[in-house]
Amino acid sequence: MKILVVDDDQVSLNMLQEFLQKNHFEVYLAQNADQAMQQVRAHHIPLVLSDIKMEESDGLSLLGDLKAKYPKIVMIMMTGFGSMEGAIEAIQKGAFDYISKPFDLIKMLSLVNKAVKHVQSLGQVEVPADEVMLDAPKALIGSSPKMVEVYKTIARATLSTSTVLIRGESGTGKELVSRAVHQNSDRKNKKFVAVNCGALTETLLESELFGHVKGAFTGAQGDKKGLFEEANGGTLFLDEIGDITTGLQVKLLRVLQEGEIKPVGSNTQVKVNVRIVAATHRNLDEMVDQGKFREDLFYRLKVIEVEIPPLRERKEDISELANVFLKKYSSKLHKKVNEISKEGLQSLLNYAWPGNVRELEHQIERAVALTSSSVLTADDFNFTQPGITDKSALSKVAISGTGEQRSLEEMEKSHILSVLKQVDYNKSKASEVLGIDRATLYRKAQKYGITLKNE
């Protein structure tokens, strides 16, 4: 199949040309948008692999121009500056996929082969051009491959009204993702309403969600609209959905199935048009197996899933995040702190971040507030949780209390076992003591071959 590669970097062009030709593609090259348009016009090329950032051209503009003139053309966008804004704009403009540099050539080939199948499936179907520009929120930060995957999923979620389930540890930014989905959807001019399901009792949460009529319970002195009605036409974000009771699970399932609610104390059903975005740090699959969460509701919620990686799994984003927070709090606190030392940054990279991005932000805020220097150093950070997960650091040797040399992985395993024994293998208590959630405890137990006894 014919494929056009567009990139102003000659080395990149040559590398991709050689690789794709070895895999039996007929490869054409272009170094800017004008050349790309000429190549497609002259050779009727159905598949394009284009860089986004080029000195003489804008890859996203090329995407829009090509899709407008050749609606069936399939495009994969490449960038060395992965961002949520870029991913959303690319997908919304009609890109087949979006990949960040540097990329693994085998993964690139797999993606190109998927695009080939898509080209073949289009036949004579005309794909409408979509050149919508987005007002993307700036709060999500990071260009690591795992975050690019998050951005791509967000972008696809904006194209539908299906329910979205966001999974991730505490502090990873689940509400930011939910707001990004809302702000880039066709509901963006309607309300975004958020509620923390774990912060309210069952009775209060039911009243908050569905509203109540006068006299429904003691203190109900008048009718009150619930959050579903308040969010009508917009998006309702249900944070910590894994904390709701089985009784509320049944009522929420009915809303998703019927599109209507019944206020507390009322016999009248009220129609609502609300998109549900839910989030949890809990392992819902495990809760379904244990009978603690309804399977039918689980599948209703997870039509589109967004998995946010913990900060320790995207450490290449730490420097960018830290500098964003540094500028934020230097300005907010009126301090002239403009830099993090090399040693200070290394200490951030070596730390395990059980509290994820939220903890990183708090560390930077505290350091800026207390420092009398213009440069933050390792001594300015106050790490309260043990555990260095950086691979290079894990290869180093630590000294135990007995003088025995042990790797940090061995020490972490020993610490987890010690805590588990102290709390009689109560997983909830162990997670609390260790400063991690249960899902992380299960992953670490599996990694170290630790058997978790039943509570």
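**Helix packing and aromatic pairs**

Phe298 counts as buried, with a relative accessibility of 2%. Here buried means under 20% relative accessible area, exposed means over 50%, and partly exposed lies in between (1.4 Å probe, protein chains only). The structure is a predicted model, in which local features need pLDDT of at least 70 and side-chain atom pairs count only at pLDDT 80 or more, while totals for chains, interfaces and linings use all residues. Residues are numbered from 1 along each chain as its sequence is written, and side-chain values use heavy atoms, with hydrogens and water left out.

A search of the whole structure finds 4 aromatic pairs, where rings of Phe, Tyr and Trp (its six-membered ring) pair if their centres lie within 6.5 Å, and planes under 30 degrees apart count as stacked, over 60 as edge-to-face and the rest as tilted. One of these pairs is stacked and joins Phe210 to Phe228, at 5.7 Å centre to centre with 5° between the planes. Phe210 belongs to helix α8 (residues 202-210) and Phe228 to helix α9 (residues 227-230), so the pair ties together parts that are 18 residues apart in sequence. Helices are DSSP runs (H or I, at least four residues) and strands likewise (E, at least two), numbered from the N terminus. Phe210 is buried, at a relative accessible area of 3%, and Phe228 is buried too, at 1% relative accessibility. Phe298 and Tyr299 form a tilted pair, with 5.3 Å centre to centre and 50° between the planes.

Axes are lines fitted to C-alpha atoms, for helices over the stretch in contact, and angles run from 0 to 180 degrees between N-to-C directions. The crossing of α8 and α10 is left-handed, meaning that the near helix is turned anticlockwise from the far one by less than a right angle, clockwise being right-handed. Glu202, Leu205, Glu206 and Phe210 of α8 make the contact (heavy atoms within 4.5 Å) with Gly247, Leu248, Lys251 and Val255 of α10.

Helix α2 (residues 33-43) and helix α3 (residues 59-69) have axes that come within 10 Å and cross at roughly 25°. This makes α2 roughly parallel to α3, and their crossing is right-handed. On the α2 side, the contact is made by Ala33, Ala36, Met37 and Val40, and on the α3 side by Leu62, Asp65, Leu66 and Lys69. Lys69 counts as exposed, at 56% relative accessibility. The C-alpha atoms of Lys69 and Met37 are separated by 9.7 Å, although these residues are 32 residues apart along the chain.

Helix α13 (residues 318-332) and helix α15 (residues 356-370) pack at an angle of about 45°, with their axes 9 Å apart. This makes α13 oblique to α15, and α13 passes α15 in a right-handed crossing. Residues of α13 including Ile318, Leu321, Phe325 and Tyr329 meet residues of α15 including Val357, Leu360, Ile364 and Val368.

Methods: Parallel < 35°, antiparallel > 145°, perpendicular 65-115°, else oblique.
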